[in-house]
Amino acid sequence: MKAREKEKQALDELHAYYADAIIGHNRPMTWLNNFEGIFRSRVISASEIPTINSVSSIWYRDQSFLDFESQTIGRCHFYGESLFYGSNSLEATVHELNPKDGDFLLVGDFAPKKDAEIATCQFAGIPLLRQNPNFRELMSKYEFPTSRDEQIEKQITTFFTKRADSETLEEYLHTIAFTKILLHGENMDAIAYPSVGSKLRLINFGLKAEYVDKNLFCRAVSLFKVKKHEHKYHLDLLRVGVVEQNRNRPKDSIIKWKFIWDDSSRSELSFSF
């Protein structure tokens, strides 16, 4: 408990530091009006497979219902907070998870509802996002208001581009504080940042839980088995889930599994690492 209290104090101090530097300053943002969908993946055990019959299994992890010890910290969220992590690239989600040979991978394909509000998106790691073809044009037009803004962005980029391990969790406090500032207020819905797992080639998104609950649904679920061979992830498709939509609570939609019995119908995806 004391350790977490110290982390919270450090987070508040970092929030004040970054807020003083960037609040009120012009930053690039966009509307995800061409937002066709987002992938979310997680590694599961063989024993979990028979229990997966609802979209809640691939929804964001709602930490408000977890006990103190089960709560986790992430790139853009603190203990007890919920955020939907995903990417517009399935490959990025695989690289981020870095699954082992023989792991099972559950993948959800999410899309906006017909009447969905267009998400507003902020950016972190601007120097690297300028190299991404999806945002190159937008980023090339942006100029930092002050030299301090540019230095702050370079500093925060280093924290957003470090792979998570026990030694970097403390550095997550920087990215969490920055995210809190960027997503402050009801009019900000998402943050885009470079995918560390893909060696910064691809993009990750963090979406507010409130936005996801109101505007997204899961249109398909897939189950893969991972094989790692010759510096590649090979994803062998085992099952496809047809989602029976619960329009009032998309999270509670039922998954009806279809097994892939025929090898001629079985597909495999490969990503280099």
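**Bridges and pockets in a predicted model**

Let's start with a pair of charged side chains: Lys-214 and Glu-117 form a salt bridge, with their closest N and O atoms 2.7 Å apart. Lys-214 sits in helix H7 (residues 209–215), while Glu-117 is in the loop between strand E4 (104–112) and strand E5 (120–123), so this bridge ties together parts that are 97 residues apart in sequence. Lys-214 is exposed, at 52% relative accessible area, and Glu-117 is partly exposed, at 41%. Keep in mind that the model you're looking at is predicted.

A search of the whole structure turns up 11 salt bridges. Another one of them joins Arg-201 to Glu-91, with 2.6 Å between the closest N and O atoms. This pair also links distant parts of the chain, 110 residues apart: Arg-201 is in the loop between strand E6 (190–194) and strand E7 (203–208), and Glu-91 is in helix H2. Is Glu-91 buried or exposed? With a relative accessible area of 17%, Glu-91 falls under the 20% cut-off, so it counts as buried. Arg-201, at 44%, is partly exposed.

The largest pocket has a volume of about 840 Å³. Its lining takes in 24 residues, and Arg-40, Gly-74, His-77, Tyr-85 and Leu-97 lie nearest the centre. Helix H2 (90–97) turns up again here: along with strands E2 (38–44) and E3 (83–86), it supplies at least two lining residues. By class, that lining splits into eight nonpolar, nine polar and seven charged residues.

The second largest pocket holds about 440 Å³ of space. Among the 20 residues lining this pocket, Leu-32, Asn-34, Asn-88, Asn-134 and Phe-135 are the closest to its centre.

Technical notes. Residues are numbered from 1 along each chain as its sequence is written. This is a predicted model: local features need pLDDT of at least 70, side-chain atom pairs count only at pLDDT 80 or more; totals for chains, interfaces and linings use all residues. Side-chain values use heavy atoms; hydrogens and water are left out. On a 1 Å grid over the protein atoms alone, a cavity is a set of points where a 1.4 Å probe fits but cannot get out, and a pocket is an open set with protein on both sides within 12 Å along at least five of seven lines; lining residues have an atom within 4 Å of a point. Grid points are joined across faces, edges and corners, and a volume is the space filled by probe spheres set on the points. Helices (H or I, at least four residues) and strands (E, at least two) are DSSP runs, numbered from the N terminus. Ala, Val, Leu, Ile, Met, Phe, Trp, Tyr, Cys and Pro count as nonpolar, Asp, Glu, Lys and Arg as charged, and the others, Gly among them, as polar. A salt bridge is a side-chain nitrogen of Lys or Arg within 4 Å of a carboxyl oxygen of Asp or Glu. Buried means under 20% relative accessible area, exposed over 50%, partly exposed in between (1.4 Å probe, protein chains only).
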